[in-house]
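Here is my notebook on a protein I looked through today.

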Amino acid sequence: MSEKSPVLIDVIAGTTYSWCSCGLAETMPICDGTHKQKSDKRSVKFTPEANGQVWLCMCTKTQNPPYCDGSHSHEN
Ligand code: FES
């Protein structure tokens with residue numbers, strides 16, 4: 001199992017968030033712009049339709065970004 005397990009965060013409907021796809025942000029799982037200097041990856045924006053909580057991927061291996069899809073469990 002990955003050391004980078006998903007994190008549950010509170011989201012607000014209509015607010016746009018940027019998920020870090022490079023895994024280098026100090027503010028993981030939210031992008032802090034680090035990819036601009038250290039990666040060719042880009043953040044993934046998402047806007048929840050309802051207030052609530054979502055499991056965001058921390059391992060960057062998900063096939064359903066920004067949400068955890070269980071891929072972290074399959075890493076070596
Ligand atoms: S943390 Fe679960 S797929 Fe990345």
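Entry 1: I began with phenylalanine 46, which counts as buried because its relative accessibility is 6%. For this, buried means under 20% relative accessible area, exposed means over 50%, and partly exposed is in between, with a 1.4 Å probe and protein chains only. I noted that this is a predicted model, where local features need pLDDT of at least 70, side-chain atom pairs count only at pLDDT 80 or more, and totals for chains, interfaces and linings use all residues. Residues are numbered from 1 along each chain as its sequence is written, and side-chain values use heavy atoms, with hydrogens and water left out.

Entry 2: How many aromatic pairs does the structure hold? I found two. Rings of Phe, Tyr and Trp (its six-membered ring) pair if their centres lie within 6.5 Å; planes under 30 degrees apart are stacked, over 60 edge-to-face, and the rest tilted. Tyrosine 17 and phenylalanine 46 are stacked, because their ring centres are 5.4 Å apart and their planes are at 25 degrees. Tyrosine 17 is in strand E2 and phenylalanine 46 in strand E3 (residues 44–46), 29 residues apart. Strands (E, at least two residues) are DSSP runs, numbered from the N terminus.

Phenylalanine 46 also pairs edge-to-face with tyrosine 67, at 5.9 Å centre to centre and 70 degrees between the planes. Tyrosine 67 lies in the segment after E4, so this pair ties together parts 21 residues apart in sequence. Tyrosine 67 counts as partly exposed because its relative accessibility is 29%.

**Entry 3: the core.** Next I looked up nonpolar cores: sets of buried Ala, Val, Leu, Ile, Met, Phe, Trp, Tyr and Cys residues joined through side-chain atoms within 4.5 Å. The largest has nine residues, including Tyr17, Phe46, Ile9 and Trp19. Strands E1 (7–11), E2 (17–19) and E4 (52–56) each supply at least two of its residues. Another core, of five residues, lies apart from it and includes Met28 and Met58.

Entry 4: Last, I checked for cavities: sets of points on a 1 Å grid over the protein atoms alone where a 1.4 Å probe fits but cannot get out. I found one cavity of 30 Å³ or more. Which residues line the largest cavity? Among them are Cys20, Cys31, Asp32, His35 and Arg42; lining residues have an atom within 4 Å of a point.

Terms used: 1 Å grid on protein atoms, 1.4 Å probe; cavity = no way out; pocket = protein on both sides within 12 Å on 5 of 7 lines; lining within 4 Å. Points joined across faces, edges and corners; volume = space filled by probe spheres on them. Helix = DSSP H or I, 4+ residues; strand = E, 2+ residues; numbered from the N terminus.
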